[in-house]
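Subject: Structure handover

Hi,

Here is the structure I promised to pass on. Please load it before you read the notes below.

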Amino acid sequence: MGKYFCSETDIRSAWDHVLSAFWQRYPNPYSTHVLTEDVVFREVTPDNCLLSRRLLTKTNRLPRWAERIFPSNLARSVYVVEDSIVDPNNRRLTTLTWNLNHSTLMTVVERCVFHGERDRPVWTRLIREAWISSGVFGLSRPIQEFGLSRFKSNQIKAMKGLEHALSKLHLSAAQSHHGDAPKDTSEKTKNLTASSNPQKPQEYV
């Protein structure tokens, strides 16, 4: 039946700041496994929502026991699609990500909702969900357990990366306030070095 993960986090920063940090969170020292990110689609809807689709490349290190089972030529990178909807009227950013390759070995679908609450303007609520499944006969359970463990570890790093981006934004704003011109950080493509489960969401972009 797969593994399900859910967490809720309060981020001490306004929603518009979190939104800006979300787009600028790579590269950061906590996400060195993220190699590239590319915007492949973007449009503004008639109701003023921003739809985006991005393709990310990440490293794909297998556990030691799996390296003895699966072919040595198995790709060491995984390609991840990230769909997102920015709804400024409701102060909500919703993302949905899933892996394109290695889907028989393991599929990880993640949904995040960043919600700015009007009665708490300096806080943003993050609800993160993940669905982890495997189609490998006889090994699906240990693969799913490994996937869940790695996901928990990576989501901690993801939060630290977002906080890192937020701190850079706050520093830049402070410097701008004192007369320093902010740097232009806009790029379309970045190459980086540095058990009953709720219903799995569908692609929506």
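The notes below cover the nonpolar cores and then the aromatic rings.

This is a predicted model.

Nonpolar cores. The largest one has 16 residues. Ile 11, Leu 93 and Phe 114 touch the most other members. Helix 1 (15-23), strand 6 (107-116) and helix 3 (140-177) each give two or more residues to this core. Helix 1 gives the most, with six residues. A second, separate core has nine residues, including Met 106, Ala 130, Val 136 and Leu 148.

Phe 114 deserves a look of its own. Leaving out residues up to four places away in sequence, its contacts include Ile 11, Trp 15, Val 18, Phe 22, Leu 93 and Leu 162. Arg 91, Arg 92 and Arg 125 are also among the residues that Phe 114 touches. Phe 114 also forms one aromatic cluster with Phe 22 and Trp 23.

Arg 25 lies over Phe 22, at 4.0 Å from the ring centre. Arg 42 lies over Trp 23, at 4.9 Å from the ring centre.

Aromatic pairs. The whole structure holds four. One of them is Tyr 4 with Trp 131, a tilted pair at 5.5 Å centre to centre and 50 degrees between the planes. Tyr 4 is in strand 1 (residues 3-11) and Trp 131 is in strand 7 (residues 124-133), so the pair ties together parts 127 residues apart in sequence. Tyr 4 has 25% relative accessibility and counts as partly exposed. Trp 131 has 3% and counts as buried.

Best wishes

Key
Residues are numbered from 1 along each chain as its sequence is written. This is a predicted model: local features need pLDDT of at least 70, side-chain atom pairs count only at pLDDT 80 or more; totals for chains, interfaces and linings use all residues. Side-chain values use heavy atoms; hydrogens and water are left out. A nonpolar core is a set of buried Ala, Val, Leu, Ile, Met, Phe, Trp, Tyr and Cys residues joined through side-chain atoms within 4.5 Å. Buried means under 20% relative accessible area, exposed over 50%, partly exposed in between (1.4 Å probe, protein chains only). Helices (H or I, at least four residues) and strands (E, at least two) are DSSP runs, numbered from the N terminus. Contact means heavy atoms within 4.5 Å. Rings of Phe, Tyr and Trp (its six-membered ring) pair if their centres lie within 6.5 Å; planes under 30 degrees apart count as stacked, over 60 as edge-to-face and the rest as tilted. A charge sits over a ring if NZ of Lys or CZ of Arg is within 6 Å of the ring centre and within 35 degrees of the ring normal.
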